[in-house]
Amino acid sequence: MADPHQIVIVGGGAGGLELATRLGDMLGRRGKALVTLVDRARTHLWKPLLHEFAAGSMDLDHHALSYLAQARWHHFRFQRGSMDGLDRSRKVVKVAPTDDEDGRELIPRREIHYDTLIIAVGSHTNDFGTPGARENAISLDMPEQAELFHQRLINACIRANAQETPLRPEQLNVAIIGAGATGVELAAELHKTTRELVAYGLDRIRPEKDIKLTIIEAAPRILPAVPERLSKAAAKLLRGLEVQVLTGERVTGVGADGVMTASGKKVPAELTVWAAGIMAPEFLKDLDGLESNRINQLVVTDLLQTTRDPDIFAIGDCASCPRPGHDRGVPPTAQAAHQQASHLARMLPRRQAGKPLRAWRYRDFGSLVSLGEYSTVGSLMGALLGGTLFVEGLFARIMYVSLYRMHVYALHGFAKTLFDSLGKLITRRTEPRVKLH
């Protein structure tokens with residue numbers, strides 16, 4: 001009896017985990033393929049929520065999903081580790097050793113054979129080599145970074161509340177570099193959660209005077225990737241929250257006490273978040289001859305196959321996918337990764353059966369930007385709407401929350417998503433509105 005077709009998915013983000021789940025249910029359960037997911041972490045978290053974890057609006061422990069549990073429930077295998085190489089001639093993925101929390105080797109270096117490989121390793125923030133950025137700014141690429149920022153935020157407030165001397169110019173100031181969705185949403189969440197936090201006994205801090213939030217953006221306006229109308233609506237809301245917005249300001253350096261810009265400005269800040277630009281992981285550059293672009297993304301065709309190897313696919317932020325009729329390729333968003341995962345879940349069984357693949361086309365359903373409890377703005381697009389519909393307020397907020405629920409539904413189905421939502425709603429009413437530890 002022939003060995004089952006081996007499908008290896010590297011990266012358990014929005015696209016990778018959804019794809020592993022669907023292929024496991026369709027092929028793994030029936031023994032038609034051996035589906036393996038590889039990821040460096042033990043648990044999955046939906047990346048668009050990281051700004052809420054950083055601000056303390058959500059608790060990481062309540063939203064993390066164990067890869068091992070998901071693998072058991074949905075008939076695929078999980079192997080923990082970080083891909084750091086590829087041998088296409090032998091069809092093996094090279095996985096680096098994994099260490100435990102004490103720095104001891106937990107899992108040795110190994111190789112995983114594949115017949116079909118899907119690379120979905122996402123992206124990380126691109127600091128463009130700005131002096132001091134790596135040492136003094138925190139990016140929100142991983143849960144550990146969100147947790148680190150939150151801990152530093154709490155410590156900064158406790159320290160300021162306990163000291164007898166006046167606050168230094170940078171104390172309790174937060175600078176956010178980049179006014180894309182992450183930066184704007186983080187600013188709004190921090191406005192809310194810092195006020196919640198100081199209400200728990202930190203009575204020497206006056207949030208409206210002592211805590212200053214600043215967004216710094218090199219483009220002429222915030223949210224440069226969305227329609228200008230949305231940008232203006234979000235800017236108006238931020239001004240109402242007294243968030244300082246600096247546009248047309250390119251950051252030239254990040255220090256321990258502030259951010260410097262090309263115009264000579266210095267923005268005092270105790271905490272700095274870098275939320276500008278993306279770059280795919282360095283190991284994808286010249287990965288055994290695969291074509292990549294200047295930010296290390298693997299170049300793929302409209303079939304989502306890499307240009308130099310039809311047995312290797314790439315989806316999500318790490319893929320540079322053409323978008324007919326547009327100067328730029330498919331945007332690196334969760335909705336694009338979800339669509340690509342859904343497409344490959346249909347196409348890979350066809351490929352295994354010897355049927356031709358169909359091209360994938362990106363469908364832009366619009367953009368939604370949440371400003372926490374204050375408002376949500378966005379645009380919905382589609383043939384049924386006959387164009388673009390701009391939305392704001394409660395309806396937009398419901399649509400924004402539903403995006404995460406759609407992701408949970410793709411992983412668990414209707415019943416578990418319903419009970420999970422009800423459980424979190426009940427828990428939310430019995431706990432503090434902000435994470436205090």
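Is Trp360 buried or exposed, judged by its relative accessibility? In this predicted model, Trp360 has a relative accessibility of 5% and therefore counts as buried.

**Close-up 1. The ring pair of Trp360 and Tyr362.** The ring centres of Trp360 and Tyr362 lie 6.2 Å apart and their planes meet at 55°, so this pair is described as tilted.

**Close-up 2. The ring pair of Tyr67 and Phe78.** The structure holds two aromatic pairs, and the one formed by Tyr67 and Phe78 is stacked, with 5.0 Å from centre to centre and 25° between the planes. This pair links distant parts of the chain, since Tyr67 belongs to helix α4 (residues 67-73) while Phe78 belongs to strand β5 (residues 77-80), eleven residues apart. Tyr67 is buried, with a relative accessible area of 2%, and Phe78 also counts as buried, at 14% relative accessibility.

**Close-up 3. The largest nonpolar core.** This core has 54 residues, of which Ile9, Leu19, Leu86, Leu117, Ile118 and Ile119 touch the most other members. Helix α10, which spans residues 334-352, gives the most to the core, contributing six residues.

**Close-up 4. The surroundings of Ile118.** When residues up to four places away in sequence are not counted, Ile118 touches Ile7, Val8, Ile9, Val10, Leu19, Phe313, Ile315, Leu344 and Leu348.

Terms used: Residues are numbered from 1 along each chain as its sequence is written. This is a predicted model: local features need pLDDT of at least 70, side-chain atom pairs count only at pLDDT 80 or more; totals for chains, interfaces and linings use all residues. Side-chain values use heavy atoms; hydrogens and water are left out. Rings of Phe, Tyr and Trp (its six-membered ring) pair if their centres lie within 6.5 Å; planes under 30 degrees apart count as stacked, over 60 as edge-to-face and the rest as tilted. Helices (H or I, at least four residues) and strands (E, at least two) are DSSP runs, numbered from the N terminus. Buried means under 20% relative accessible area, exposed over 50%, partly exposed in between (1.4 Å probe, protein chains only). A nonpolar core is a set of buried Ala, Val, Leu, Ile, Met, Phe, Trp, Tyr and Cys residues joined through side-chain atoms within 4.5 Å. Contact means heavy atoms within 4.5 Å.
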